[in-house]
Amino acid sequence: MIDARRLRTLRAVADHRTVTAAAAALYLTPSAVSQQLAALELETGHHLLAREGRGVRLTAAGEILLGHADVVLAQLERAEADLAAYSAGVSGEVTVASFATGISLVLAPAIGTLAARAPGVRLKVLDAEGDASLPMVLDGRADLAVAVEYRGAPRADDARLTRVPLYAEPFEAVLPLGHPLAEGEGPIAVADLTDEPWIGPYPGNPCHDVVLLACEHAGFQPRLVHSSDDFRAVVALASAGAGVALVPRSALLGVDLGRAAVRPVDSALATRRVFAAVRAGADGHPLIRPVLDALAEVAAATA
């Protein structure tokens, strides 16, 4: 008999590539993780992991078992959801990880919707960058993520997650008022900003990936001179004439533009796609389903 808890440990090691990192994600000691993996190898009769540099990799047998593990863990989530629905006591806490703009745009308004429709559902909100919330859901540190597409993100067809699209928003060019393209109507070409000094988020921030992708499609690599993950700082730098930037539209709401101008751009790639995600099988849970519905409703009204 294979212990499902050990399958979850195998999945964490596959995601994090080291026993130490997997242990931190699971709130276990490295020794406990190693013991669980050793027990799982005894249960299956196969070596599941092999050392690779300072980390580990799955053997062929480990990859086979991991595919089954994802199905088993998703089915266990469905079983928990069905039992919770049977008990009919829709009261409890849902932990949601979201990036800051997602909190202000859809998550905070959804709290009001839930208060009216599902008063027994309480949200615990964790501010997390767009590339951090999905690992938090997969590791069990959050029940639901409001996340964005980014390079290296789990694919849309990843069997471990169920996604609910929320909204897509364009990035807009932020330029110093004295810039030749600061005035006018209609979108400007990203390619026209080829030779400019750029202001942008740090690598690892999903918005950094969007900016690079839009510029690469326009035929150039942006010359990133200034870096900040705070869009208010990005706008302040542009206002001071330090460079140009692409910023998500919602991040400009309520921001003092100073001596900066905002223009739409011609690139469909300069778009932030936002979605909610839960572990596969958990979307029917009586605590999680109302949250997903409230987020989708708020997002539709916002769009």
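Which element supplies the largest share of the lining of the largest pocket? The tour answers this at its third stop.

**Before starting**

The model is predicted: local features need pLDDT of at least 70, side-chain atom pairs count only at pLDDT 80 or more, and totals for chains, interfaces and linings use all residues. Residues are numbered from 1 along each chain as its sequence is written, and side-chain values use heavy atoms, with hydrogens and water left out.

Helices (H or I, at least four residues) and strands (E, at least two) are DSSP runs, numbered from the N terminus.

Next, select α1, residues 4–16. This helix has 13 residues and reaches 19 Å from its first C-alpha to its last, close to the 18 Å expected at 1.5 Å a residue; the expected span is 1.5 Å times one less than the number of residues. After α1 comes R17, whose phi is positive, near 70°. Colour L7, T9, L10, R11, A12, V13 and A14 to see residues of α1 that are buried, meaning under 20% relative accessible area with a 1.4 Å probe and protein chains only.

**Second stop: the cavities**

On a 1 Å grid over the protein atoms alone, a cavity is a set of points where a 1.4 Å probe fits but cannot get out; a pocket is an open set with protein on both sides within 12 Å along at least five of seven lines; lining residues have an atom within 4 Å of a point. Grid points are joined across faces, edges and corners, and a volume is the space filled by probe spheres set on the points.

There are two cavities of 30 Å³ or more. For the largest, of about 140 Å³, select R8, R11, D15, D70, L73, A74, E77, L138, R160, R279 and A280. The most lining residues, four, come from α4, which spans 60–87. By class, this lining has four nonpolar, no polar and seven charged residues. Here Ala, Val, Leu, Ile, Met, Phe, Trp, Tyr, Cys and Pro count as nonpolar, Asp, Glu, Lys and Arg as charged, and the others, Gly among them, as polar.

For the second largest cavity, about 40 Å³, select R8, R11, A12, D15, L26, L138 and D139. In this lining, α1 has the largest share, four residues.

Move to F99, A100, T101, D229 and F231, which lie nearest the centre of the largest pocket among its 19 lining residues. The volume of this pocket is about 420 Å³. The largest share of its lining, three residues, comes from α5, the helix at 100–117. The lining divides into eight nonpolar, five polar and six charged residues.

Finish at the second largest pocket, with a volume of about 280 Å³. Of its 14 lining residues, E149, V210, L213, L269 and T271 are the closest to its centre. Two or more lining residues come from each of α7 and β11 (271–279), and α7 gives the most, five.

Notes. Buried means under 20% relative accessible area, exposed over 50%, partly exposed in between (1.4 Å probe, protein chains only).
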